[in-house]
Amino acid sequence: MSAAASARLILTRLHEVMASRLHAQGKLDQVVDVIGQSLDSEVCSIYLLREGMLELFATRGLNKSAVHVTRMAIGEGLTGTIAANIETLNLAEAKAHPDFQYRPETGEEKFHSFAGVPIVYRERAVGVLCVQHVDPRRYEDVEIEALQTTAMVLSELIANAGLIDEEEVLGLTEAQTGTHTVTGLTLVKGLAAGQAVYHQPRVTIDQVMAEDIEAERQRVYRAFDRMREQIDNMASQAEFGGGGEHEEVLETYKMFAYDEGWSRRINEAIDSGLTAEAAIERVQQRTRMRMREIDDPLLADRMHDLEDLSNRLLRIVSGQLGTAAQQGLPRDSILIARNLGPAELLEYDRRRLKGVILEEGSLTAHVVIVARAMGIPVLGRARGIRGIIRAGDEILLDADNATATIRPSPQVSDTFNARFAKSREKQAAYAKLRDVEPFTRCGTRIQVMINAGLRDDISALAMTGADGVGLFRTEFQFLVSATLPQRERQLRLYRDVLDAAGDKPVIFRTVDIGGDKAVPYLQSELAEHDENPAMGWRALRLALEREGLLKVQARALLEAAAGRELYVMFPMVSEPWEFDAAKQVFDDQLAYLRKQKKLLPDAIRYGAMLEVPALAEMLDLLLPKIQFLSVGTNDLTQFLFAADRANPKLAERYDWLSAPILRFLRRVSQAMVGSHVDLGICGEMGGRQLEALALLGIGFRRFSITPAAVGPIKELVRKVDLAEISAAMTGWLADPQVDLRREIRAWAEERGIEAE
């Protein structure tokens, strides 16, 4: 008999049992008889979660006196292991398993073979279904399939029968009902409070057993057609970039979407008597179990892709489509997601969205750049949050300390609110510095500018009193767009930005995409094989290969800046010839516009970003060609240390306040002495007070930072004597054995300078 036929027979008989007038215990007693007889198994037992323990609720073949007596903890014995790992066990000799525990009251010593499957409800094991046999043998795949399908139906039946506590039906342990703290990786600093909202609300399956199998099959066919159409549209209309995935992932999606094996397994589950939704969930449960057994990261990622696609199919067939952004945020919210793309983040109401918690996420993901620009704190790599956080839970997000408190106690809330109030007081104090020019104690004017990437970011100039925009990331428009932004769209954005900035300068960085900021509509063939995207075919390298891209952007910038001064900066310059090639594209467009008698910029100032260490060795050749140089500390740091800052093992290992990076930056600063070139820092390093103090000490006088950091850096500048900090830095860098962070902090404290 096939797995589907065995399961269908069991489901038919189970349906009869559950439709009977028997009380709950009587139904369970009949269920184990049905399963044992159908699988010709001498023992069948059901353990259910009650009061945090797995309790034997019904058995066929074990001592009846053990019912409601035998209990074990999650993780204890074979049954507890199945529940803890949500995995299937199939053992020819149960006693040989390291987790085996003998319970004398059950009388199970004569049984050798053992098979057990978890009873899963809403992604959590709420029980275990076990079968045993006297002879040592592994159960056939057909039998395991029948058990797994039966367990899925049982989950709904026992929940509806009230056989376990409601909170346990929902998978709510103490960790899911009481105060709980999760930790992760700080992606964007800040404090936030709000109610948990899932980016993709959980799909609820209301009916497990099918009334009309053929009707369910047709529903799945229609859902597959619609899903495949969506995937094909993503490819043809280049809309897949919103999720921040690479083109290779799209190909994987298409492979899974058209995989006959996947659709066949779902159809087999429907044949066994499940509804379309339950069949998809049944196959998805098997995928999750397989994922736990995979050590290969690449293969595990592919299984994650299949799970994402299963969720898409489940949403289509159930009609539960859309994200929380489309439904609207009714109150202050903390968004929960596995991952997000920048376009998805920008869909949310910025007045209501207070913070984001991601199960995954990395420091280099472009959604993090967008979130930082929006001033939204983000906590990443918060593993297992779906099992802890429920929609509507109150969350206190402390991204400064890489934690989030779920369902906080009144005392915890009071402490957090006090910190929040103090933070707001600080912000109010910084706001008072808006119109104060940042002069040092010794009278040196320091330029403090902001980083931006969105049209709305320019309003921060007025709010902070910044000197201008030291870095406008033009790639934001490319990252959040479904297709390549045409010249007219780019021109409108650049003109709007310049209008909003008024007489303050805006430095436009030409598009920095490719590699780890891939867009599917502009994918280099070489980039598909980049093993280290940050060092790959990206930024100026890609733009010079795709000359049409840079040509369109150059013309849009030149036209937008007509009658004004235009600042243009090229990213990731490795050698002077790359700068020359990029500038030539602008010169050619300038000549074209001049022939067309178009209004031109009054002046054009060109600069480069120093992110690649090799460029530092070529400054003598580059400086005569440029008017300004900006050091991009984020990429520079990882290139100097050969350390991917997205790697959690390396993220905190290499400190900006360490001798190698500061010595390198000091050498760059010293190379600029006597030149006409303005030197600046644009990157997260310049927005931190201790780091900014060190940068002042090695010669940096211009900072381009996040708007939120302008006030703190202004405050710092006004307390510093440059001669003092320069002398101190010279001494510290001469002795690389010292803990520079500790020394700089102690130096600042001695002078009453608050620096974090």
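**Exercise 1. What volume does the largest cavity have, and which residues line it?**

Solution. The model is a predicted one, in which local features need pLDDT of at least 70 and side-chain atom pairs count only at pLDDT 80 or more, while totals for chains, interfaces and linings use all residues. Residues are numbered from 1 along each chain as its sequence is written, and side-chain values use heavy atoms, with hydrogens and water left out.

Step 1: take a cavity as a set of points, on a 1 Å grid over the protein atoms alone, where a 1.4 Å probe fits but cannot get out; lining residues have an atom within 4 Å of a point. Points are joined across faces, edges and corners, and a volume is the space filled by probe spheres set on them.

Step 2: this rule gives 5 cavities of 30 Å³ or more, and the volume of the largest is about 200 Å³.

Step 3: its lining has 16 residues, with Tyr47, Thr79, Gln101, Glu108 and Phe114 nearest the centre. Two or more lining residues come from each of β1 (43-50), α3 (77-85) and β6 (124-133), where helices (H or I, at least four residues) and strands (E, at least two) are DSSP runs numbered from the N terminus; α3 gives the largest share, 3 residues.

**Exercise 2. Describe the largest nonpolar core and the surroundings of Leu662.**

Solution. Step 1: a nonpolar core is a set of buried Ala, Val, Leu, Ile, Met, Phe, Trp, Tyr and Cys residues joined through side-chain atoms within 4.5 Å, buried meaning under 20% relative accessible area (1.4 Å probe, protein chains only).

Step 2: the largest such core has 97 residues, and those with the most contacts inside it are Leu610, Leu629, Leu662 and Leu665. Apart from this core lies another, of 57 residues, which includes Leu11, Leu39, Ala269 and Leu274.

Step 3: with contact meaning heavy atoms within 4.5 Å, and leaving out residues up to four places away in sequence, Leu662 touches Trp656, Leu657, Met685, Ala694, Ile698, Met729, Leu733 and Leu740.

**Exercise 3. Compare the end-to-end reach of helix α9 with the expected span, and locate its buried residues.**

Solution. Step 1: the expected span is 1.5 Å times one less than the number of residues. Helix α9 (residues 260-271) has 12 residues and reaches 16 Å from its first C-alpha to its last, close to the 16 Å expected.

Step 2: the buried residues of α9 are Gly261, Trp262, Ser263, Ile266, Asn267, Ala269 and Ile270.

Step 3: after α9 comes glycine 273, with a positive phi near 115 degrees.

Methods
Buried means under 20% relative accessible area, exposed over 50%, partly exposed in between (1.4 Å probe, protein chains only). On a 1 Å grid over the protein atoms alone, a cavity is a set of points where a 1.4 Å probe fits but cannot get out, and a pocket is an open set with protein on both sides within 12 Å along at least five of seven lines; lining residues have an atom within 4 Å of a point.
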